Amino acid sequence: MITWMQKHKKWLVITIWISAIAFIGAGSVNWGSYGFGFGSDKVASVGDIDIHIDEYQRVYNQVLNEYAKIPQLGGILDEAQAKQLGIPQIALQRIIQQAQIRNFAQDLGLMVSDEEVGREILNANVYVDEKGNFSHEVYERALQSMQISKSDFEEMLRNEMLVQKLLGVVNANQMGMLISVTPLEVATLEMSSSVRDRLMVKSLPITQVKFTANEADIRAFWEQNAQNWKTPMEFEIEYILVPFNAYTPDDEALKKHYDDFKSDYIDDSGHLMSLEESREKLVRDVQKIEAESAAKREYINLKNSSKKGEIITIKDNERFFVKDGIDLVVADMKAAQVGQVLKPIEASEGFVTLRLMSKKESANQSFEEAKSAVKALYERNKRKEALAELAQRSVANFSGSDMGFVDRFYNGAILTLNEQERGYFISQVFESKNKQGYVLFDDKAVLYRILEQSATPLVQNNEALMLAKGAKYEALLNALADYLNKTYKTTIYIDVSK
């Protein structure tokens with residue numbers, strides 16, 4: 001299921017053409033300290049635009065909801081599944097791409113007026129009263145329920161409209177229809193799609209390579225890379241957690257919230273759900289409101305020292321209170337002053353407020369502290385280098401298993417490769433210009449030799465025409481993405497891979 005998801009990821013992320021752009025940012029992205037800057041909640045800076053944590057969380061939830069609607073994923077994704085699918089990285093990529101486009105639009109002199117934003121809100125036909133007319137009261141209650149200010153919501157809407165306006169100016173939405181391709185390009189694509197290789201393969205496990213490092217080599221490797229092995233930051237904190245499930249709303253509270261915020265309980269088809277249909281979400285929403293209110297009281301208690309919290313010591317590589325894959329508490333503690341009481345932070349379990357009692361900065365580990373980790377990495381690197389040398393020597397005259405003919409979309413068994421490894425292996429074989437070679441994995445190298453080729457057309461001409469247009473369209477989008485990445489410097493302040 002996960003491999004199917006990864007294979008079709010490009011077509012499942014639904015944000016106009018943005019999601020089809022490859023994130024070509026290795027040369028233009030600067031990684032920050034993985035925590036928020038002092039006194040800031042910035043996730044990233046892109047050109048002249050700062051991206052904040054609340055913006056990232058909204059985009060994360062959008063991506064999560066899109067993936068949850070894919071039947072193959074079962075409809076519900078927890079945090080572990082989201083991380084496995086790479087949703088935190090996809091959300092960060094998406095919001096960075098949107099910020100790049102906004103920078104580009106601003107440089108072109110494009111803007112969205114207050115009148116345009118107002119018309120968009122009216123035309124949405126969501127914030128309406130019982131007669132179907134726009135209602136300021138319904139609108140404001142809806143924003144209150146979403147815990148977003150009117151100015152923030154309208155600025156978010158303005159940004160989205162700016163992206164849409166730029167796409168309209170450059171005809172991005174129609175670009176695919178306008179692209180022309182030559183008969184030669186169609187024939188070339190049709191031929192490349194229909195090529196099949198008859199492969200001989202053999203696996204060389206890394207266990208065939210023996211290597212033992214001496215301490216002098218390990219120490220030299222550590223000296224060259226000492227900054228990679230650091231002691232974690234340590235924090236002593238006093239905290240109070242108010243869990244969401246500390247309050248169980250009764251039917252009267254649920255009905256009142258439902259009556260006050262009906263616009264929050266509209267299904268995907270735009271119809272208002274009944275109270276019973278909304279009950280699960282209603283309970284969560286009311287619990288969240290009550291927990292936040294209680295957490296604000298606990299913040300005052302902790303700040304005035306009128307109530308004691310639990311005292312613990314944690315390290316920055318430990319999972320404390322997380323939300324949407326980000327350890328918000330640790331990130332905030334890195335920026336806080338000793339003695340400071342942090343306002344309630346929403347985490348997956350509830351709202352937490354804390355006092356930072358002491359902070360111990362990170363430092364390079366000594367050789368003895370890092371020795372086991374250094375030794376493991378050094379030996380792994382050396383074994384992999386030796387495995388590549390063995391594969392290079394063996395590829396010319398190896399004898400292996402004849403797989404028969406395979407194409408680019410082959411999904412049968414290949415030795416002991418799993419689905420992800422198989423897909424990578426096939427892609428490397430078909431992208432190579434050599435008749436024989438090898439593909440290196442962490443624990444093995446797979447040798448291959450093309451015994452013969454065949455080219456049986458697999459698609460009809462009209463399908464090849466659409467594929468050729470799509471390939472050309474994607475090339476244009478990637479060229480634009482490359483320009484945006486090189487033009488608008490990106491600095492990322494958090495690590496969403498943890």
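**Local geometry and contacts in a predicted chain**

At 11% relative accessibility, G437 counts as buried. Buried means under 20% relative accessible area, exposed means over 50%, and partly exposed lies in between, with a 1.4 Å probe and protein chains only. The model is predicted: local features need pLDDT of at least 70, side-chain atom pairs count only at pLDDT 80 or more, and totals for chains, interfaces and linings use all residues. Residues are numbered from 1 along each chain as its sequence is written, and side-chain values use heavy atoms, with hydrogens and water left out.

G437 sits in strand 10, residues 436-440. Strands here are DSSP runs (E, at least two residues), as are helices (H or I, at least four), and both are numbered from the N terminus. G437 touches V395, V446, L447 and Y448, not counting residues up to four places away in sequence. A contact means heavy atoms within 4.5 Å. L447 is ten residues from G437 along the chain, and their C-alpha atoms are separated by 5.9 Å.

The protein chain as a whole holds 17 helices and twelve strands. Of its 498 residues, 42% are buried. Among contacts with a separation of 6 or more, 76% join residues 24 or more positions apart. The chain exposes about 27300 Å², and carbon and sulfur atoms supply 51% of that area. Accessible areas come from the Shrake-Rupley method with a 1.4 Å probe; for residues, only the protein chains shown count as cover.

Two loop residues have positive phi values. Most residues other than glycine have a negative phi. S305, not a glycine, has a positive phi near 60 degrees. S305 lies in the loop between helix 13 (275-303) and strand 6 (310-315). With a relative accessible area of 45%, S305 is partly exposed. L415 has a positive phi near 50 degrees and is likewise a residue other than glycine. The loop that holds L415 runs between strand 9 (401-406) and helix 16 (419-431). L415 is partly exposed, at 37% relative accessible area.

Salt bridges were then counted. Side chains of opposite charge can pair when their charged atoms come close. A salt bridge is a side-chain nitrogen of Lys or Arg within 4 Å of a carboxyl oxygen of Asp or Glu. The count comes to 23 salt bridges. One of them joins E452 and R198, with the closest N and O atoms 2.9 Å apart. E452 is partly exposed at 37% relative accessibility. R198 is partly exposed too, with a relative accessible area of 25%.

K375 and E379 also meet in a salt bridge, at 3.0 Å from N to O. Both belong to helix 15 (residues 367-394); they are four residues apart, so about one helical turn separates them. K375 is partly exposed at 33%, whereas E379 is buried at 8%. The side chains of E421 and K444 form another salt bridge, at 3.2 Å from N to O. E421 lies in helix 16 and K444 in strand 11, so the pair ties together parts that are 23 residues apart in sequence. Both E421 and K444 are buried. Elsewhere, D114, E155 and R158 are linked in a network of salt bridges.

Strands 2 and 3 form a hairpin with two residues between the strands. Strand 2 (residues 42-46) and strand 3 run antiparallel and are joined by four bridges. Two strands pair if DSSP finds at least two bridges between them. K42 stands opposite H52 in strand 3. In the hairpin, G47 takes a positive phi near 60 degrees. Strand 3 (residues 49-52) has a covered face, I49 and I51, and an uncovered face, D50 and H52.

Helix packing was examined last. Two packed helices are described by the angle between their axes and the distance between the axes. Helix 12 (residues 251-260) packs on helix 13 at an angle of about 95 degrees, with the axes 9 Å apart. Helix 12 is therefore roughly perpendicular to helix 13. Residues of helix 12 in the contact include L254 and Y258, and those of helix 13 include L282 and V286. Axes are lines fitted to C-alpha atoms, for helices over the stretch in contact, and angles run from 0 to 180 degrees between N-to-C directions. Angles under 35 degrees count as roughly parallel, over 145 as roughly antiparallel, 65 to 115 as roughly perpendicular and the rest as oblique.
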